[in-house]
Amino acid sequence: MKTCKEMASIWNVTERTVTNFCKRGKIPGAVKVGKSWKIPDHAEKPMDGRVSSGKYVKKAASAERKSLPIGISDYVRAQSEYYYVDKTLLIKEFLDKKPLVSLFTRPRRFGKTLNMDMLRVFFESTDTDTSRYFTDKAIWKCGEEYRSHQGKYPVIFLTFKDVKFDTWEETIEKIKALLQEEYGRHQELVNSDKLSEYEKEYFAKILDSTANEVALTSALEKLSKMLNTHYGKAPIIIIDEYDTPIQEGYTKDFYEEIIGFMRNFFSGVFKDNKNLSYGFLTGILRIAQESIFNGLNNLTVNSIMDEEYDNYFGFTGEEVTRMLEYYGVSEKESELRDWYDGYLFGSKEIYNPWSVINYISKGCIPQAYWVNTGKNEILEDVLKVATDDITERLYSLLQGERVIARIDQNVVYRSLAEDPANVYSLLLVAGYLKTPKKESQADGSYLCEISIPNREIAAVYKSEILSHLVQIGAITRTTANKIAESLYANDYKKLQKAIAEYMDKSISFYDAGAEGFYHGLVLGLIALMDNQYKIKSNRESGGGRYDIGLIPREERYPGIIMELKWKKELDEDKLAGLADEALAQIDYMGYDAEMKEDGIKDILKFGIAFSGKKVSVKTK
């Protein structure tokens, strides 16, 4: 008999997958001994459709399996027409705690809009019976205490996820249109005999889009009062992606206008509003410093650092395992985990849901799906303000290392320019970092070990670094293409020429100053060499430590060793001599010893010298 761990190694799946097979009776002869499972030595790996008898049952053709809900944020449609990961216990956890106003902060594309629409469908009172959308879900099994809330409240629902415009004028017009549409969902109020004439007049202004900006700031507050008056029950108010227009305002220079509007828009409806049963908001940042929620002492913030609600946004490991089984690709779990797992919400390990469903639906091809779902301005801004220390830490993160950083959850977009150290807080809440270890501080911040969650996010960093280098002129796209082409064709001479060109472009941009240039060089190389190499620095090999080593991930690529030297005010001849000296050092110090021990036969050696904005590259 073998253990789950031993079988996982034989079947090339995770130990957790084997354990789940055992729990579901999919492995004939598997027995539980104490807390562990024992599996027959010659047991076959279960495939999708295998039953405990060991006989195959024909599974429905893959075409009959439900599609994955790519880009679907409509709960009714998602749960009926697509493969739906049941997150309805979010409702139970909320009803158990009953916070008046809840703010959920999570990265983009982690299911916030779908969950908010689920809450709307569950709580909203309508002419049709919406309980049928929940009778087969986990929440329905929790008892009458929870079912009694289904369909019992008027609901106001707004999502700002598509409020992405270049000017304040366009932004306020879009908000006006969203309010018009939401008021239109409640047209029963137009003929209500419980409302006063002035309330109906205001309602009409929103419907015909004649309300001015000042009047719009009271739209939610007035609608909540009218709904409470009409139904005799205060509404539930749901605001999805509240900070999307705020981020646009920051990047498009109408920050003060959007902050001023949002402050009035939210404070009236969520602060001391007796016409409110419960409020829900989602976003990426909590933006407390902007006083949008000034004085709102009933706001409960649920961030990625908190334990509460930690498994309702994104997919858990168990949910991913079941999904892979359903689509018959359980053997892909290890690859999928490397690429899309690794986020930590509270203490729960979470997969990126957008990337998981795209990966499975596109034939299990691993690539950075998340990067294409929105703008990465936060990373762009980080690179613009990066100090030598930040650059060094970014390099360490890309090497898979952990670095120490202070995390302030109240950080705001504009604080990036004021204090570059805030980059780590912004990168964390936006989904570009995780915190394997954290310790709360007296001021409410955290001292954390931070790292990059997975291979997908590492690819995002590399892509943005390369784009930044091209944008600022430190390197051209042509040079980047030459390096990629030479690697693909295994053309050593072309690769040497391309790297020399990269060095020349880089040194002409970066100012003299060995440290700043060195780290910029390494980050650039990581972006350019991408998945072909593991890049190491200051690694001990032979009789010393080489500066940069590029370890090929595939045998067809050559190993690369670089030794860098730097001196002030050298002329061309002395600079060339310094490069020769660097190249010779690689040989007499035996820096290639480690690569040779690993069986790497072809090794390119670069001696690189720079002085001011001049560079000399010698190769061998």
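## Overall picture

Buried residues account for 54% of the 620 residues in this protein. Keep in mind that what you're looking at is a predicted model. Its chain folds into 25 helices and 17 strands, and the C-alpha atoms fill a box of roughly 95 × 65 × 45 Å along the principal axes.

Start with the largest nonpolar core, which has 77 residues. Which of its members touch the most others? Those are Tyr 461, Met 529, Ile 548 and Ile 560. Helix H23, residues 514–529, gives the most to this core, with 10 residues. Apart from this core lies another one of 43 residues, including Ala 211, Ile 246, Tyr 255 and Ile 259.

Skipping residues up to four places away in sequence, Ile 560 touches Leu 495, Ile 499, Met 529, Tyr 533, Ile 548, Gly 549, Leu 550, Met 595, Leu 604 and Phe 606. Met 529 and Ile 548 show up in that list, and both are also among the core members that touch the most others.

## The second largest pocket

The second largest pocket has a volume of about 440 Å³. It is lined by 23 residues, and the closest to its centre are Leu 398, Gly 400, Ala 458, Lys 462 and Arg 553.

Gln 532 sits in the loop between H23 and E13. Is it buried or exposed? With a relative accessible area of 19%, Gln 532 is buried, because the cut-off is under 20%.

Leaving aside neighbours within four places in sequence, Gln 532 is in contact with Leu 487, Ile 551, Pro 552, Arg 553, Glu 554 and Tyr 557. One of these partners, Arg 553, also turned up among the residues closest to the centre of the second largest pocket.

## Strand E4, enclosed on both faces

Strand E4 covers residues 155–159, and five of its five residues are buried, so the strand is largely enclosed by the rest of the structure. In a regular strand the side chains alternate between the two faces of the sheet. Here, Val 155, Phe 157 and Thr 159 are on one side, Ile 156 and Leu 158 are on the other, and all of them are buried.

What does E4 pair with? Five bridges join E4 to strand E5 (residues 236–240), and the two run parallel. Across that pairing, Ile 156 stands opposite Ile 237 in E5.

Phe 122 belongs to helix H5, residues 112–123. Its relative accessibility is 0%, so Phe 122 counts as buried. Beyond four places in sequence, Phe 122 is in contact with Ile 91, Phe 134, Ile 139, Trp 140, Tyr 146, His 149, Gln 150 and Gly 151.

Asn 302 is in strand E7, residues 299–302, and is buried too, at a relative accessible area of 3%. Not counting residues up to four places away, Asn 302 touches Ser 102, Leu 103, Phe 104, Thr 105, Arg 106, Glu 308 and Tyr 309.

## Two positive phi angles

Most residues other than glycine have a negative phi. Where does the model depart from that? One place is Glu 241, which has a positive phi of about 55° although it is not a glycine. Glu 241 is in the loop between E5 and helix H11 (244–252), and at 9% relative accessibility this residue counts as buried.

Asp 253 also has a positive phi, near 65°. This residue is in the loop between H11 and helix H12 (255–270). Buried or exposed? With a relative accessible area of 71%, Asp 253 is exposed, whereas Glu 241 is buried.

Definitions and conventions
Residues numbered from 1 in each chain as written. Predicted model: local features only at pLDDT ≥ 70, side-chain atom pairs only at ≥ 80, totals over all residues. Heavy atoms only, no water. 1 Å grid on protein atoms, 1.4 Å probe; cavity = no way out; pocket = protein on both sides within 12 Å on 5 of 7 lines; lining within 4 Å. Points joined across faces, edges and corners; volume = space filled by probe spheres on them. Helix = DSSP H or I, 4+ residues; strand = E, 2+ residues; numbered from the N terminus. Buried < 20%, exposed > 50% of the residue type's maximum accessible area, 1.4 Å probe, protein only. Contact = heavy atoms within 4.5 Å. Core = buried A, V, L, I, M, F, W, Y, C linked by side-chain atoms within 4.5 Å. Pairing = 2+ DSSP bridges.
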